[in-house]
Amino acid sequence: MICSDAFRATGDAMAEIQGAPGYRYLTTPHPVAGLTPAQVRERAEAVAGEVARMLTGNDG
Amino acid sequence: MASEPDPDVAREAIEYCYEQGWTDGLPVVPVSQALLDQFLAQTGRSPDEVLWRMEHLGRECTVQTAAINAAMAGCLPEYFPIVLAAWDAVMRDRAAKGGGWQSTSGPAPLIVINGPIRGELGINSTGGNFAAGFRPNATIPRALGLMLRNAFGVVPHVFDQTTQGIPGRWAICFGENEEESPWEPLATEIGLEPGTNAVSCTLTRTYEFVDNRHTQNPEHLLNDFADTISRTGVMIFRAQSAGIVFCPEHAQMLADAGFSKPDVKDWLVEHCGRIEADLRRAGKDGVAEGGFGGRSASDEERVPGDTFTPFLPSRASVPIVVAGARNAAISMVFRVFGEWSNSSVEIEPAPVAAASSLDGRS
């Protein structure tokens, strides 16, 4: 899961209430809503490496 | 004769409620089993009946939990059927079912009450209908706020993600001024029998006054409303919903000029909106036609600058109520958060056995 960093508190609380305290997810800087498609692609490229590391367990 | 209540004991109980995290910041009424029983006696519904379950939070609110929170909010037991009807009414709103309570918009329920119960319980429908000073008007919406907090755990900074919210978020409840309205009551317009005690409720985003004591021309007046309704700042999607709480003077002026309530709605549907150049200037010309979609400004001009986009799709997106005093031409435009259900919920009368808590008080 990836969300903007403004929603960390809610994301952490949601994980806890769903029985997964400490659930790990990635964030991208807030805001996202007003980005152009090109800027969204830049964000995706910036986080892609972290996504791969998290999925493969190579993130320490 | 009963002795005077002990203020220190009362305060101790109130502070206990604060310590439990049960309050919205203001003191609540500590609830005994006896008081709870008085509330539950006002409804034929089972205390265990689930009013609503928020699946994603794994939490629910029963009739009993609602009663506790209504009592804590300062309601009289007689208000409880209205609290239940208000909850049922707002949950017909698609946005309320879909996570609207946790929205960054921090929407406020707008609760409108029709029928003779207004007079019986002292629900204000005239001067100061948005202002403080009347127990049912103040405590019924607060009960909904406490239900959200205490039953569902939707508290600020965690599951309540409100960015700024609306002033008086849990304080917007009034009767329709049926006596001075030239039009049929809201609940009757929607389909209930005249004289029915009913609640209509929707989530709202903001309230903006229109002060027009300047003209006797109904089209001038309607243009003033259209200007407020059509501002670009409120626009998220091209289609939106805005209602008007008309003061009696504005409503009567329009009615005297031959405007029925549907006529007013039709006029607003036709005239509220903006031309593309205005939307482009505000960076909102990329907004999709309906539902979720593009929000960012377009690089290219999508249509000619003088193309008009109407904001209100239909009569159903323009709820109209009459309330307030007949002493100045000041009305209120409100923004529906999502999509109003366009329905009213009948207030179930209390079972015959329920004694009024007002009896024997005088």
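**A tour of loops and a chain contact**

Select B:His157, which lies in the loop between α7 (135-150) and β4 (173-175) of chain B; helices (H or I, at least four residues) and strands (E, at least two) are DSSP runs, numbered from the N terminus. This is a predicted model, in which local features need pLDDT of at least 70, side-chain atom pairs count only at pLDDT 80 or more, and totals for chains, interfaces and linings use all residues. Residues are numbered from 1 along each chain as its sequence is written, while chains are lettered from A and ligands numbered from 1 in the order in which they are written.

B:His157 has a positive phi of about 75° although it is not a glycine. Most residues other than glycine have a negative phi, and most peptide bonds are trans. B:His157 is exposed because 10 other C-beta atoms lie within 10 Å; a residue is buried at 20 or more such atoms, exposed at 12 or fewer, and partly exposed in between, with C-beta atoms placed from the backbone.

Next, select B:Asn342, in the loop between β10 (330-336) and β11 (345-346) of chain B. B:Asn342 is not a glycine, yet has a positive phi of about 55°.

Move to B:Lys284, in the loop between α12 (276-281) and β8 (308-310) of chain B. B:Lys284 is buried, because 22 other C-beta atoms lie within 10 Å. Leaving aside neighbours within four places in sequence, B:Lys284 is in contact (C-beta atoms, placed from the backbone, within 7 Å) with B:Thr232, B:Met235 and B:Leu279.

Finally, select both chains: eight residues of chain B are in contact with eight residues of chain A.

Conventions
Two residues are in contact if their C-beta atoms, placed from the backbone, lie within 7 Å.
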